[in-house]
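Welcome! Please take a moment to look at the sequence and the model below, and then let us walk through them together.

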Amino acid sequence: MNIQNEMHLKFLSKSSNESFARSAVAAFTLELDPTIAELADIKTAVSEAVTNAIVHGYRRESGMIYIDVRLTTERDVIIKIRDKGVGIEDVTQAMQPLYTTAKEEERAGLGFAVMQSFMDSVKVQSKPDKGTTVTLVKRIVALR
C-alpha cells in the first residue's frame, strides 16, 4: 500500500461536528474523483462512526474525536475514526444489528450494519475505558 495523501482531524465530541467530519472527509476524498454514489457511501459511513463516538463513546461526557484519512495509489480510502471514551465491552455483540447500549434514548442499533453496507471493509478495535477505533475502507472505482 502506497500512501498518495493523508490528513488528520481532531475535534470535540459535539453533535454539531458530525456534519463537519462528514464533509471534511468527503472533500479530501475528491482527489480520487469518486462517483456521487461512492462519495455518498463514505459520507454515510463516516457520519455513523462519528455519531457512535459521540453518543456511545463519550455518552454525556465531552472528549476528542480523531480522524485519520489516507488515500492510496491503489485508490483505497482508509478512514480511522477514534475516540478515547468508554470503549466497547463486546465488539462482536455491538456489531450485531439492533444491538444498542443507549437504552434510554431511541436508537436503532444499526450503526455498524450501515457502515458495513456502504464500505468494503469495517474493523472495530476497542478496550473498555480506553476507547474505540473504527477503520473504514472504500475502494474507489478506477477512472473509465
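## Starting with one residue

This is a predicted model. Glu18 forms a salt bridge with Arg22, and the closest N and O atoms of the two are 2.8 Å apart. Arg22, in turn, is partly exposed, with a relative accessible area of 25%.

Where do Glu18 and Arg22 lie? Both belong to helix 1, which covers residues 17-29, and they are four residues apart, about one turn of the helix.

## The chain as a whole

Stepping back, the protein chain has four helices and five strands. Read from the N terminus, these elements follow the order β-α-α-β-β-α-α-β-β.

Of the 144 residues in the protein chain, 47% are buried. If you take contacts between residues at least 6 apart in sequence, 67% of them join residues at least 24 apart.

## The sheet and a helix on it

The five strands form an open sheet in the order 1-2-3-5-4, with antiparallel pairing. Strand 1 and strand 4 stand at the edges with a single partner strand each, so one side of each has no neighbour in the sheet. On average, neighbouring strands of this sheet are turned by 10° against each other, direction ignored.

Inside the sheet, strand 3 and strand 5 pair in the antiparallel sense over eight bridges. Val77 stands opposite Lys138 of strand 5. Helix 1 packs on the sheet, where it touches strand 1, strand 2 and strand 3. The direction of helix 1 makes about 170° with that of strand 1.

How many salt bridges does the structure hold? There are four, and the Glu18 and Arg22 pair described above is one of them. Another joins Lys138 and Asp41, with the closest N and O atoms 2.9 Å apart. Lys138 lies in strand 5 (residues 131-139) and Asp41 in helix 2 (residues 36-57), so this pair ties together parts that are 97 residues apart in sequence. Lys138 is buried, at 9% relative accessibility, and Asp41 is buried too, with a relative accessible area of 17%.

Arg139 and Asp76 also meet through their side chains in a salt bridge, at 2.4 Å from N to O. Since Arg139 is in strand 5 and Asp76 in strand 3 (residues 76-83), the pair ties together parts that are 63 residues apart in sequence. Is Asp76 buried or exposed? Asp76 counts as buried at 14% relative accessibility, while Arg139 is partly exposed, with a relative accessible area of 44%.

## Around Asp41

Leaving aside neighbours within four places in sequence, Asp41 is in contact with Phe118, Met119 and Lys138. The C-alpha atoms of Asp41 and Val114 are separated by 9.5 Å, although these residues are 73 residues apart along the chain.

In soluble globular proteins, nonpolar side chains tend to be buried together. Here the largest nonpolar core has 32 residues, and among those with the most contacts inside it are Val50, Ile65, Ile67 and Leu136. Elements that give two or more residues to this core include strand 1 (3-12), strand 2 (64-72), helix 4 (111-118) and strand 4 (121-127). Which element gives the largest share of this core? Helix 2 does, with seven residues.

Not counting residues up to four places away in sequence, Val50 touches Phe11, Glu18, Ala21, Ile65, Ile67 and Ile81.

## An aromatic pair

One aromatic pair turns up in a search of the whole structure. The rings of Phe11 and Phe20 have their centres 5.9 Å apart and their planes at 90°, so the pair is edge-to-face. Phe11 is buried, at 6% relative accessibility, whereas Phe20 is partly exposed, with a relative accessible area of 41%. Phe11 is also one of the residues that Val50 touches.

Notes
Residues are numbered from 1 along each chain as its sequence is written. This is a predicted model: local features need pLDDT of at least 70, side-chain atom pairs count only at pLDDT 80 or more; totals for chains, interfaces and linings use all residues. Side-chain values use heavy atoms; hydrogens and water are left out. Buried means under 20% relative accessible area, exposed over 50%, partly exposed in between (1.4 Å probe, protein chains only). A nonpolar core is a set of buried Ala, Val, Leu, Ile, Met, Phe, Trp, Tyr and Cys residues joined through side-chain atoms within 4.5 Å. Contact means heavy atoms within 4.5 Å. Two strands pair if DSSP finds at least two bridges between them. Axes are lines fitted to C-alpha atoms, for helices over the stretch in contact, and angles run from 0 to 180 degrees between N-to-C directions. Rings of Phe, Tyr and Trp (its six-membered ring) pair if their centres lie within 6.5 Å; planes under 30 degrees apart count as stacked, over 60 as edge-to-face and the rest as tilted.
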